[in-house]
Amino acid sequence: MYDRKTWIVLAICGLLIALNIHYSSKYRPVPPAKPAASADASPATEGALAELSVETPPPPTEEEFVILENEKVVFTLTSIGGGIKHAELKDQKNVGETSLVRINLHGSGPIAGFVDSKEALDSTPFAYKGDLSAPGKTAVFIAKLPSGVIAKKTFALETEKIPGAPYFLNLTLEFENTTPANFDLSEYGLFLGSAAPLYQAERPTHTGFFWYEGGEMHFEAATAFNGGWFSSEKSIIRSDQGEEVKYAGVTDQFFSTVIRPEKPAATRVWGKPKQVLLKANDKTVSAVRAAISLPSVNLAPGSPLTLEYRIFTGPKENTMLRKLENTKAAGAGWGEIMQYGWFWWVSRPLNWLLNFLHSGLDNLSTEQSWGLAIICLTIIVRIFIWPLHAKSTHTMKRMSKLQPKMAELKEKYADDPNKLNTEMMGLYRKYGINPLGGCLPMFIQIPIFFGFFRMLDYAVELRNQPFLWVDDLSQPDTLTHWLGIPINILPVVMAGTSVIQMAMMPKTGDKMQQRIMMMMPLMFFFFCYNYASALALYWTTQNIFSIGQTWLMNKIPEPELVARKDGGKKSWVQRMAEKQSEMQKLQKERAKSGGMRNVTPEAPKKKGPPRTGG
């Protein structure tokens, strides 16, 4: 039965890889639209607010920059649009460079700048109010928008003690309608910024925009604008104005920008594609820019209104985001930014355990601690599934001893596959072998592999972290190039150890199936070659552990193949195989009779003579 098992495992692996790639950038569909709530704002409803001066200061003739800074981030604010031109992270360097990572580096406008109803950026110059600002801590901008509404923006560093506080800015928006008619604030929106790949080889599925509503994360990758077999190319993707949007943002592989209203409202989110050039003479890469609309509020003439927002510009650290989710001040849903997908239930505990191991190993070796943490985590996972692996190896050894008998059956029933299948099931039952017992660990390892893969793929903690000859565990361990081809060592070691591991396993199936199984290391070699070296390190460690485990199992005496006296109880697989064989046999009989049932009534039986008493 190993032949069928082999194809089942290969088919499931291929299907899961395809589904993981397709759905890793999407979750559930957006819920149906609901009518947006509208409210009239007035001084009575909004409370006593200090009026904004109608005579706003004249806008600056040149772009003016204001710096807000803490121990983690340098926020550069601009007077053009009155927003965050970019945020520079002090502890994050670009790949292979000494320059620092800048969020919104390729932005066509500032984060928290206004966009109009036509999804166009508003480039109104804002005047910086130095007398109302605290240098380095708060910055106030004010301007009269083309609509006649006065807007005042106050940016302030986060003062509450919440996880990741240095990556937050608090934004206070104050409006006053100076026109004689009501004004709907939903005509304006806040620009979420732009997200682009950090390096040329980064996959475009990492980059996109997202929003969180109704307890669900909705993500649109940069590739969603390209169209496909069943969809056309798009210039913009909009969300439906349905439930309250808790937050929205843009993201790349490791960093995100998030704008979260203090009072969620039924708003709309949109995103547009963009092509950017990372380095001269390189190909352009796909980027995304997005915005979230202001709530639908009718601002009466002369009426003020205040809206509060939190802006996050920082790394996607799972531990920090999960802590934020449990903080009342920050709100719920932050953990979904990690985009672990279907295998979040594997990725989250693995990431927590990885960080826990690193905190202990960091005292031993600061430079090598993350690589050692990956190795220790891999060993812990392998020990956890040791009993399953041992059971699988025991079953495969017993199945290998059945190969001569199975070969005889194949020769005897070469022209009758149904009979062959039935006899093979009987052979397994006779010797008490479960034909699926050998592939159970493979099925267990599939979610573990994909969960490990997703966790390492988004582990910003591994950026710029060295291990042995590896300079950055989040990148391939390229030592040199040959004819333009990068030479990565860890994937080669991974493939070599996989071949050794396969050679040590008990031989089951025919020669063709054994060759197919020996091709598996080659498939994973190409799959992992240009991925993060952390993934190749995990797989190599797993292979070495499996080699040692298999060597130890081979030292255990071979299991004896003894026929059961009672013939063995039929398993569910065997019963299903027998039913299938019976159905196929019945179909053949019907086909021989022309596919028609015999509906001729039987001749009536002759009645016997009546009984008489006596």
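Two strands are taken to pair if DSSP finds at least two bridges between them. Helices (H or I, at least four residues) and strands (E, at least two) are DSSP runs, numbered from the N terminus. The model is predicted: local features need pLDDT of at least 70 and side-chain atom pairs count only at pLDDT 80 or more, whereas totals for chains, interfaces and linings use all residues. Residues are numbered from 1 along each chain as its sequence is written, and side-chain values use heavy atoms, with hydrogens and water left out.

Under this pairing criterion, an open sheet of 5 strands with antiparallel pairing is found, in the order β6-β12-β19-β18-β15. Its edge strands, β6 and β15, each pair on one side only. Strands of a sheet pair through backbone hydrogen bonds, either parallel or antiparallel. Strand β19 (residues 285-293) is joined to strand β12 (residues 189-195) by 6 bridges in the antiparallel sense, and Leu 190 stands opposite Ile 292 of β19. On pairing with strand β18 (residues 269-276), β19 is again antiparallel, over 8 bridges; here Val 269 is the residue opposite Ile 292. Strands β15 and β18 run antiparallel and are joined by 2 bridges, with Ile 237 opposite Gly 271 in β18.

Accessibility was classed by relative accessible area (buried under 20%, exposed over 50%, partly exposed in between; 1.4 Å probe, protein chains only). In strand β19, 9 of the 9 residues are buried, so the strand is largely enclosed by the rest of the structure. Val 285, Ala 287, Arg 289, Ala 291 and Ser 293 point one way from β19, while Ser 286, Val 288, Ala 290 and Ile 292 point the other way; all are buried.

Salt bridges (a side-chain nitrogen of Lys or Arg within 4 Å of a carboxyl oxygen of Asp or Glu) were also identified. The count by this rule is 14. In one of these, the closest N and O atoms of Lys 72 and Asp 91 are 3.3 Å apart. Lys 72 lies in the loop between β2 (65-69) and β3 (73-78) and Asp 91 in strand β4 (residues 83-93), so the pair ties together parts that are 19 residues apart in sequence. Lys 72 is partly exposed at 30% relative accessible area, and Asp 91 is likewise classed as partly exposed, at 38%.

A salt bridge with an N to O distance of 3.3 Å is formed by the side chains of Arg 238 and Glu 119. Because Arg 238 is located in strand β15 (residues 237-238) and Glu 119 in the loop between β6 (114-115) and β7 (127-128), the pair ties together parts that are 119 residues apart in sequence. Arg 238 is partly exposed, with 46% relative accessibility, whereas Glu 119 is buried at 10%.

For Arg 348 and Glu 336, the N to O distance in the salt bridge is 3.2 Å. This pair links distant parts of the chain, 12 residues apart: Arg 348 is in helix α4 (residues 344-361) and Glu 336 in the loop between α3 (318-325) and α4. Arg 348 is buried at 15% relative accessibility, and Glu 336 is partly exposed at 26%. Salt bridges with shared partners also join Glu 158, Glu 160, Glu 262 and Arg 310 into one network.

Ile 500 belongs to helix α10 (residues 489-504) and is partly exposed, with a relative accessible area of 44%. The C-alpha atoms of Ile 500 and Asn 543 are separated by 8.6 Å, the two residues being 43 residues apart along the chain.
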